[in-house]
Structures are given as structure tokens and as C-alpha cells.
Amino acid sequence: MAKRGGKYSLFSSFPFSIFPFLRFSLRRAESETMVPTHYHLILSAILFTIGTMGVLRRRNTIIIFMSVELMLNAVNLSFVALAQHWGSMDGQLIVFFVMAVAAAEAAVGLAIILMVFRTKETVNADELNLMRG
Amino acid sequence: MNLLTFIILAILMVGSAVAVVIHPSPVYSALSLVVVMSLLAVYFLFLNAHVVGALQIIVYAGAVMVLFLFVIMLLNLQTDSRETQQSEMKMSAGILCAVLIGELIFLLGGGGGRLELQTSQQQLPEGFGTMQALSERLFTDFVLPFEITSVLLLVAAVGAVVLARRQA
């Protein structure tokens with residue numbers, strides 16, 4: 001782990017003040033083997049595929065949207081795992097930007113769904129076929 | 001993070017993700033997604049991503065999912081009976097995703113020796129994942145994406161208000 005033998009600075013102890021049990025488990029984990037990065041990437045791939053299944057199979061627009069958020073979270077997990085693997089903060093920075101963009105996208109997308117619901121009284125994607133040629 | 005913690009978190013996460021996708025009621029789907037995001041935040045804390053883990057709770061579980069739940073309750077969505085796709089689309093979606101997951105697991109699990117992710121036990125730099133380390137990168141090399149993201153958030157907020165207001 002990162003803080004082998006170093007002091008905890010004020011900012012790095014921030015999550016431990018909220019989750020005090022983590023302090024115990026993280027100190028203990030220093031002597032145990034770490035999970036290889038492949039496992040994190042495979043978990044991220046599984047979550048991504050579950051999100052894809054949701055987008056393809058469900059017809060409720062809001063649940064499709066939630067599956068897209070699930071896919072974004074899977075990619076965030078992949079970025080953080082690789083950031084830890086290579087010891088570079090760039091991965092976590094990309095996660096920061098992905099979170100901001102996903103929040104903006106969720107706000108605008110839900111506003112669009114609200115507007116559509118006002119005119120068509122449905123959120124079923126099969127019935128939103130005005131543009132079908 | 002040791003293997004037992006990883007397995008417990010992974011099983012809970014995959015179970016909640018499947019519940020998001022499968023459950024007929026939108027409210028339960030949203031709550032399962034909140035569970036997935038909270039578990040991901042715990043995951044990030046174990047992976048030395050302290051700021052990102054806290055932000056995951058604050059932004060995703062605390063703002064985005066609350067927005068989803070507001071919209072679900074505003075539209076008063078019930079459990080939809082005629083919900084899923086026709087059967088041929090369902091089957092091809094299942095086959096597609098089976099191929100996708102097989103391909104991804106093969107590739108990310110080593111790629112037949114092509115993916116060179118040597119398990120380096122290198123020492124992470126001091127203060128990795130703290131607020132200081134993130135800000136150091138964010139405000140020096142990434143200041144332009146940062147400013148553009150703030151403009152993007154402003155545009156999104158204004159756009160959402162304009163789109164969702166009642167037509168006068």
C-alpha cells in the first residue's frame with residue numbers, strides 16, 4: 001500500500017475519519033499479497049457486459065440510462081485499477097473527469113426524458129418511434 | 001486488498017448489477033445501482049484512490065442517483081408488464097454479450113500472453129491517491145480540461161433547466 005512507513009498527512013486521513021474500520025484493515029493488508037490487476041480488469045469487463053445487456057434488452061428508457069451509468073462505472077473501476085498498477089495519478093484524474101461528464105450527461109438526459117414523457121406519456125423505447133421512416 | 005475482500009466485493013457488485021438490469025421495477029433498479037456505486041467507492045478506497053472514492057459517493061451515489069430517483073418518482077413509473085424486447089432480439093443480445101464477455105476475459109486475463117501486465121509490486125509513491133497528489137496533477141497539466149469541464153457543467157445545468165421547465 002502507499003503509506004509504507006510514512007506518516008498519514010491530514011488529507012490522506014480524510015477517508016479514515018469517515019470509515020474508521022478501514023484503518024485497521026488497510027494496515028493488516030500490508031503484509032498480505034495484493035490482488036493481481038487482471039482480476040480488477042476482468043471484474044470491470046463483467047460489469048461493462050452486464051450494462052450492455054441492460055441497454056440491449058430493456059425497453060424502459062430510464063433503465064437503459066441506468067445501464068449506461070453502470071458501464072461508465074465499470075470503466076472508472078478499470079481506470080483506477082490501472083492507475084494503482086502503474087503508480088500514476090493520471091488514471092484517477094481521468095476518473096474525475098468521467099464523473100463530471102457523466103453527471104452532466106445524466107442531468108441533460110433526464111431532462112430530455114421528462115420532456116418526452118410530457119408529450120407522449122410513455123418512456124417505453126419501442127413507442128418512441130416518431131422518427132422511424 | 002486481499003483476495004477474500006476482493007471476492008466478497010466482486011460477488012456483491014455483480015449481484016447488484018444483475019439486479020439493476022433484470023428487476024422489473026425501476027425504483028429497485030435505481031436502488032441496486034446505488035448499491036453498486038457504494039461498493040465501487042469501497043473498492044476505490046482499497047485501491048488507494050481516496051479522493052475518487054469519496055467523490056464516487058458524493059457525486060454518483062449522492063447526486064446522480066438521487067436525480068434518477070427524483071425523475072422516476074416524478075414520472076410515477078410503475079412496473080411495466082410489456083417490458084422486454086421481442087425474443088429474437090433478446091437472444092441475439094444474449095449471444096452478443098456472451099461473445100463480448102468471453103473476448104474481454106480472454107484479453108484482460110493475459111491475452112494469450114500478449115497483454116504484458118507484469119504484476120509489478122512496485123512501491124506506490126508517497127501520498128498516492130490523496131487530495132494533494134490529485135490536485136498537483138489537476139491544476140498543472142490538466143488545467144485546460146478542468147476549465148472546460150466547468151463550462152460543460154454550466155452548460156448542462158442551464159440546458160437541463162431550459163429543457164425541463166413548463167412551457168409558459
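This is a predicted model: local features need pLDDT of at least 70, side-chain atom pairs count only at pLDDT 80 or more; totals for chains, interfaces and linings use all residues.
Good morning. Among the contacts in chain B between residues at least 6 apart in sequence, 54% join residues at least 24 apart.

Chain B has six helices and zero strands. From the N terminus on, its elements run α-α-α-α-α-α. Of the 168 residues in chain B, buried residues make up 28%.

Chain A may be described in the corresponding terms. Chain A has 133 residues, of which 44% count as buried. For contacts in chain A between residues at least 6 apart in sequence, 49% join residues at least 24 apart.

I turn now to the interface. How many residues of chain A are in contact with chain B? There are 75 residues of chain A in contact with 81 residues of chain B. On the side of chain A that touches chain B, α1 (14-18), α3 (37-57), α4 (61-86) and α5 (90-120) each supply at least two residues. The largest share of that side, 22 residues, comes from α5(A). By class, the side of chain A that touches chain B has 51 nonpolar, 17 polar and seven charged residues.

The axes of α4(A) and helix α2 (residues 26-46) of chain B come within 11 Å and cross at roughly 5°. An angle under 35 degrees counts as roughly parallel, and α4(A) and α2(B) are therefore roughly parallel to each other. Among the residues of α4(A) in this contact are A:Ile62, A:Met66, A:Leu70 and A:Leu77. The residues they meet in α2(B) include B:Leu33, B:Val36, B:Leu40 and B:Phe44. By class, the contact of α4(A) with α2(B) has 14 nonpolar, two polar and one charged residues.

Within chain A, α4(A) also takes part in another pairing. The axes of α3(A) and α4(A) come within 8 Å and cross at roughly 170°. Angles over 145 degrees count as roughly antiparallel, and α3(A) and α4(A) are therefore roughly antiparallel to each other. The residues of this contact divide into 16 nonpolar, ten polar and no charged.

Next, consider α5(A). Does its length agree or disagree with what its 31 residues should span? At 1.5 Å a residue, the 31 residues of α5(A) should span 45 Å, and the end C-alpha atoms are 44 Å apart, which agrees. Just after α5(A) comes A:Glu121, with a positive phi of about 60°. This is a positive value in a residue other than glycine. Is A:Glu121 buried or exposed? A:Glu121 is exposed, because 9 other C-beta atoms lie within 10 Å, and a residue with 12 or fewer counts as exposed.

B:Asn48 is found in the loop between α2 and α3 (50-75) of chain B. B:Asn48 is buried, because 25 other C-beta atoms lie within 10 Å, and the cut-off for buried is 20 or more.

Finally, I come to the domains of chain B. Chain B is divided into domain 1 (1-79) and domain 2 (127-168). Their centres, taken over C-alpha atoms, are separated by 22 Å. The contact takes four residues from domain 1 of chain B and five residues from domain 2 of chain B. On the side of domain 1 that touches domain 2, there are two nonpolar, two polar and no charged residues.

Where is B:Thr140 placed? Its place is in the loop between α5 (131-138) and α6 (143-164) of chain B. B:Thr140 counts as exposed, because it has 8 C-beta neighbours inside 10 Å. B:Thr140 and B:Thr79 are 61 residues apart in sequence and 49 Å apart in space, C-alpha to C-alpha.

Thank you for your attention.

Definitions and conventions. Residues are numbered from 1 along each chain as its sequence is written. Chains are lettered from A and ligands numbered from 1 in the order in which they are written. Two residues are in contact if their C-beta atoms, placed from the backbone, lie within 7 Å. Helices (H or I, at least four residues) and strands (E, at least two) are DSSP runs, numbered from the N terminus. Ala, Val, Leu, Ile, Met, Phe, Trp, Tyr, Cys and Pro count as nonpolar, Asp, Glu, Lys and Arg as charged, and the others, Gly among them, as polar. Axes are lines fitted to C-alpha atoms, for helices over the stretch in contact, and angles run from 0 to 180 degrees between N-to-C directions. Angles under 35 degrees count as roughly parallel, over 145 as roughly antiparallel, 65 to 115 as roughly perpendicular and the rest as oblique. Domain bounds come from an automatic or database domain assignment. The expected span of a helix is 1.5 Å times one less than its number of residues.
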